[in-house]
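The entries follow in the order in which I looked things up.

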Amino acid sequence: MNYRTILVSLPPGRANGRLMAASVDLAKRFDAVLLGRAACRPIHCLCHDYPVPAGLFEEDRRQRERHLLEAEADFRTATASLRQPVDWSGRSCLEPLADHLAGESAAADLIIAGTAKKGDPFDATRQPDLCDLVMKAGRPVLLLPQSRDPASFDRILVAWKDSREARRAIADALPLLKAATRVTVVTMDAAEDQALVRTSVARVANWLARHDIKAETLVVPTMKANASQLLEIARGGDANLIVAGAYGYSREGKWTLGGVTAELLTGERCAFLSH
């Protein structure tokens with residue numbers, strides 16, 4: 001398995017330099033076609049029953065056009081050094097941006113998206129809802145904090161539990177795991193049957209070894225909220241990427257997420273999530 005096509009989501013009207021640098025680096029590493037995607041949602045889509053004044057409607061249209069042109073120019077400049085093909089699409093769409101990108105992801109092996117700084121306001125006319133994107137795309141999503149420089153992904157922490165989501169995530173991450181210099185598979189468990197847990201982790205390590213990936217294993221008792229403990233382990237091991245399954249369920253169109261998933265969607269470290 002390899003990533004032959006990588007899609008990067010570039011929010012128009014935002015500074016995407018770090019996101020583009022990481023995307024270009026990964027495209028070079030995997031000899032992949034890079035798809036640049038940017039989408040704006042007209043302001044009237046968010047106003048529901050409130051009418052949008054004609055002047056504001058026109059100003060929004062002009063701003064969307066300008067932001068999309070600027071995003072394309074940035075993409076063309078950043079990818080000029082690539083010898084692989086690139087593909088650009090920028091458009092306005094009426095549907096939620098995460099739904100639009102989920103549809104676009106059918107042409108990609110991997111999606112790259114940036115997470116906003118904590119405290120920054122969310123703009124649904126320019127930014128996709130990352131929760132919806134991860135849960136709906138059917139593709140792995142690599143989340144990169146916009147506040148951090150691109151990472152080399154050479155020290156990877158795999159958050160393991162014997163579940164469908166975790167099995168999907170570790171399989172989707174194989175190309176990155178193969179390129180890493182250190183891989184640690186960690187599970188946090190409160191169960192009394194430690195032997196069963198250790199057997200599960202050893203099974204994963206043996207599977208990785210058959211893919212020529214040497215992985216350390218770590219079984220730790222649950223001491224606090226799993227999200228906080230996982231981040232402490234990542235910091236302690238200086239991991240620059242966390243691979244995890246994305247857990248959640250939808251009720252009346254809204255997602256309820258597991259604690260680790262919610263933290264990684266807005267966290268301090270690069271995260272690779274699959275649902």
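**Entry 1: Asp60.** I began with the contacts of Asp60, and leaving aside its neighbours within four places in sequence I found Pro42, Ile43 and Arg126, where contact means heavy atoms within 4.5 Å. Asp60 lies in helix 3 and is buried, with a relative accessible area of 8%. For burial I kept to the stated cut-offs: buried is under 20% relative accessible area, exposed is over 50%, and partly exposed is in between, with a 1.4 Å probe and protein chains only. Helices (H or I, at least four residues) and strands (E, at least two) are DSSP runs, numbered from the N terminus.

**Entry 2: what I am reading from.** I noted that this is a predicted model, in which local features need pLDDT of at least 70 and side-chain atom pairs count only at pLDDT 80 or more, while totals for chains, interfaces and linings use all residues. Residues are numbered from 1 along each chain as its sequence is written, and side-chain values use heavy atoms, with hydrogens and water left out.

**Entry 3: His67.** I then looked up His67, which is also placed in helix 3 and counts as buried at 12% relative accessibility. Beyond its neighbours within four places in sequence, His67 touches Pro12, Gly13 and Arg126.

**Entry 4: the whole chain.** I counted 10 helices and 12 strands in the chain. The radius of gyration is 20 Å, close to the 19 Å that the globule rule gives for 275 residues, so the chain is as compact as a globular protein of that length; the radius is taken over C-alpha atoms, and the rule is 2.2 Å times the number of residues to the power 0.38. Along the principal axes, the C-alpha atoms fill a box of roughly 65 × 45 × 30 Å. Of the 275 residues, 48% count as buried, and among contacts between residues at least 6 apart in sequence, 80% join residues at least 24 apart.

**Entry 5: aromatic pairs.** How many aromatic pairs does the rule give? I found two, the rule being that rings of Phe, Tyr and Trp (its six-membered ring) pair if their centres lie within 6.5 Å, with planes under 30 degrees apart called stacked, over 60 edge-to-face and the rest tilted. Tyr3 and Phe30 make an edge-to-face pair, 5.1 Å centre to centre with 80° between the planes. This pair links distant parts of the chain, with Tyr3 in the segment before strand 1 (5–9) and Phe30 in helix 1 (residues 17–30), 27 residues apart. Tyr3 and Phe30 are both buried. Phe75 and Trp88 form a tilted pair, 5.3 Å centre to centre with 35° between the planes. Here Phe75 belongs to helix 3 (residues 54–78) and Trp88 to strand 3 (residues 86–92), 13 residues apart, and both are buried.

**Entry 6: Asp172 and helix 6.** I looked up Asp172 in helix 6 (residues 164–172) and found it buried, at 9% relative accessibility. Asp172 is 169 residues from Tyr3 in sequence, yet their C-alpha atoms are 9.4 Å apart in space. Its contacts beyond four places in sequence are Met1, Tyr3, Pro140, Phe272 and Ser274. The buried residues of helix 6 are Glu165, Ala166, Ala169, Ile170, Ala171 and Asp172, and they pack against strand 6, helix 7 (174–179), helix 8 (194–210), strand 9 and strand 12 (271–274).

**Entry 7: helix 9.** In helix 9 (residues 226–236) I listed Ala227, Gln229, Leu230, Leu231, Ile233 and Ala234 as buried. Their cover includes strand 6 (155–159), strand 7 (182–189), strand 8 (215–221), strand 9 (241–245) and helix 10 (259–265).

**Entry 8: positive phi values.** Just after helix 9, Asp238 takes a positive phi of about 55°. Asp31, in the loop between helix 1 and strand 2 (33–40), has a phi near 55° and counts as partly exposed at 37% relative accessibility. Phe153 has a positive phi of about 55° although it is not a glycine; this residue sits in the loop between strand 5 (141–145) and strand 6 and is buried, with a relative accessible area of 2%.
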